[in-house]
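Hi there,

I am passing this one on to you, as promised. Please have a look when you get a moment, and my notes follow below.

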Amino acid sequence: GPTRLVDMAKQQIHAVIFKDAGSDQWVAVCLEYDVTTQGDSEEHAKSMLQEAVELYLEDIGKDELETLYQPIEGQPHVHTISVNAPSLLHR
């Protein structure tokens, strides 16, 4: 088919990366797009996320892009918050 010419530019995304308690995997979650990956280390999870977001962006149209992009401002903070939850979730 015809080659799609898309203007490419660098974009900053933010990832929250953590070690999965139930396995030896690291999980990377993108805050701007609904993309999550995992890897064998923090760095691996991060590079997997970079690749996954780039593939994700290749597949979506310009009109979709605006609705799927959730911009954030400043530096994100991770907070631990206590909530009431069903007792079956307690380990």
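In which sense do strand E1 and strand E2 pair, and over how many bridges? They pair in the antiparallel sense, over 5 bridges, with E1 covering residues 15-19 and E2 covering residues 26-30. Please keep in mind that this is a predicted model.

**The strands**

E1 and E2 make a hairpin, and 6 residues lie between them. Within this pairing, Phe18 is found opposite Val27 in E2. E2 is also joined to strand E3 (residues 36-39) by 4 bridges, and these two strands run antiparallel. E2 and E3 form a hairpin as well, with 5 residues between them. Val27 is a handy landmark here: Phe18 stands opposite Val27, and Val27 in turn stands opposite Gln38 in E3.

**Thr37**

Is Thr37 buried or exposed? Thr37 has a relative accessible area of 13%, and buried means under 20%, so Thr37 is buried. Its surroundings can be listed, leaving out residues up to four places away in sequence: Thr37 touches Trp26, Val27, Ala28, Ala45, Met48, Leu49 and Ala52.

**The aromatic rings**

How many aromatic pairs does a search of the whole structure find? The search finds 2. In one of them, the rings of Tyr33 and Tyr69 have centres 5.4 Å apart and planes at 40°. Planes under 30 degrees apart would count as stacked and over 60 as edge-to-face, so this pair is tilted. The pair links distant parts of the chain, since Tyr33 lies in the loop between E2 and E3 while Tyr69 lies in the segment after helix H2 (62-68), with 36 residues separating the two.

Tyr33 counts as buried, at 3% relative accessibility, whereas Tyr69 is partly exposed, with a relative accessible area of 29%. Which residues make up the aromatic cluster? Tyr33, Tyr56 and Tyr69 form one cluster together.

That is what I have for now. Happy browsing, and do write back with your thoughts.

Best wishes

Technical notes: Residues numbered from 1 in each chain as written. Predicted model: local features only at pLDDT ≥ 70, side-chain atom pairs only at ≥ 80, totals over all residues. Heavy atoms only, no water. Pairing = 2+ DSSP bridges. Buried < 20%, exposed > 50% of the residue type's maximum accessible area, 1.4 Å probe, protein only. Contact = heavy atoms within 4.5 Å. Phe/Tyr/Trp six-rings, centres within 6.5 Å; stacked < 30°, edge-to-face > 60°.
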